[in-house]
Amino acid sequence: MNSDGGNDWELRVSVYDSDIATIEYQPSGSATGRFFLGFQPRDYFDDPNDHDPVDLADESENFSGWAALVLGKDISPQEVRAIMAEEDVAEPLDTFVEDTLNRLLTRLDMPLPPWL
């Protein structure tokens, strides 16, 4: 447990319309503990006020550390960064964000949810 009552091992994933996956984890340092796969909501909905911009370098570094600490998995910040949703992306990595999510969860040796 961490100081705010949450579990530091928790990983939450939300998928929207096969275009956006929100990844939430317990961050350390200055990271927010949230990044996106596919599109960032602010770009997908063409609304710059829809979520704050994601500091991709900070989040990839912190997520890599989280994976090492919590899961015992060595995934480099560069590997995490390569699958994160870029700001103003025209075409995401995969047509369906579920494919990107599957790649991330498989890389972390995490069980895939039945809907994936």
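In the predicted model, the buried residues of helix 4 (residues 97-107) are Val-97, Glu-98, Thr-100, Leu-101, Leu-104 and Leu-105, where buried denotes under 20% relative accessible area, exposed over 50% and partly exposed the range in between, with a 1.4 Å probe and protein chains only. Because these residues cover an arc of only 155° around the axis, they lie on the same side of helix 4, the arc being that of the directions from the helix axis to the C-beta atoms. The elements that cover them include strand 1, strand 2 and strand 3 together with helix 2 and helix 3 (77-83); contact here means heavy atoms within 4.5 Å. Helices (H or I, at least four residues) and strands (E, at least two) are DSSP runs, numbered from the N terminus. Just after helix 4, a positive phi of about 55° is taken by Asp-109.

Residues are numbered from 1 along each chain as its sequence is written, and side-chain values use heavy atoms, with hydrogens and water left out. As the model is predicted, local features need pLDDT of at least 70 and side-chain atom pairs count only at pLDDT 80 or more, whereas totals for chains, interfaces and linings use all residues.

The three strands form an open sheet of order 1-2-3 with antiparallel pairing, two strands being paired if DSSP finds at least two bridges between them. Strand 1 (11-16) and strand 3 (34-38) stand at the edges with a single partner strand each, so that one side of each is left without a neighbour in the sheet. Neighbouring strands are turned by 20° against each other on average, direction ignored. Strand 1 and strand 2 are joined in the antiparallel sense by six bridges, and Arg-12 has Glu-24 in strand 2 as its bridge partner; in the hairpin of these strands, which has three residues between them, Asp-17 takes a positive phi near 55°. Between strand 2 (residues 20-25) and strand 3, which run antiparallel, there are five bridges, and Ala-21 has Leu-37 of strand 3 as its bridge partner. Helix 2 (residues 56-71) packs on the sheet and touches strand 1, strand 2 and strand 3, its direction making about 60° with that of strand 2; axes are lines fitted to C-alpha atoms, for helices over the stretch in contact, and angles run from 0 to 180 degrees between N-to-C directions. Five of the six residues of strand 2 are buried, and this strand is therefore largely enclosed by the rest of the structure.

The largest nonpolar core has 25 residues, and those with the most contacts inside it are Leu-11, Ile-23, Tyr-25, Phe-35, Leu-37, Phe-63 and Leu-104; such a core is a set of buried Ala, Val, Leu, Ile, Met, Phe, Trp, Tyr and Cys residues joined through side-chain atoms within 4.5 Å. At least two residues of this core are supplied by each of strand 2, strand 3, helix 2, helix 3 and helix 4. With neighbours within four places in sequence left aside, the contacts of Phe-35 include Ala-21, Ile-23, Val-54, Phe-63, Val-80 and Met-84.

Glu-86, in the loop between helix 3 and helix 4, counts as partly exposed at 36% relative accessibility. Not counting residues up to four places away in sequence, Glu-86 touches Gln-40, Asp-43, Leu-56 and Arg-81.
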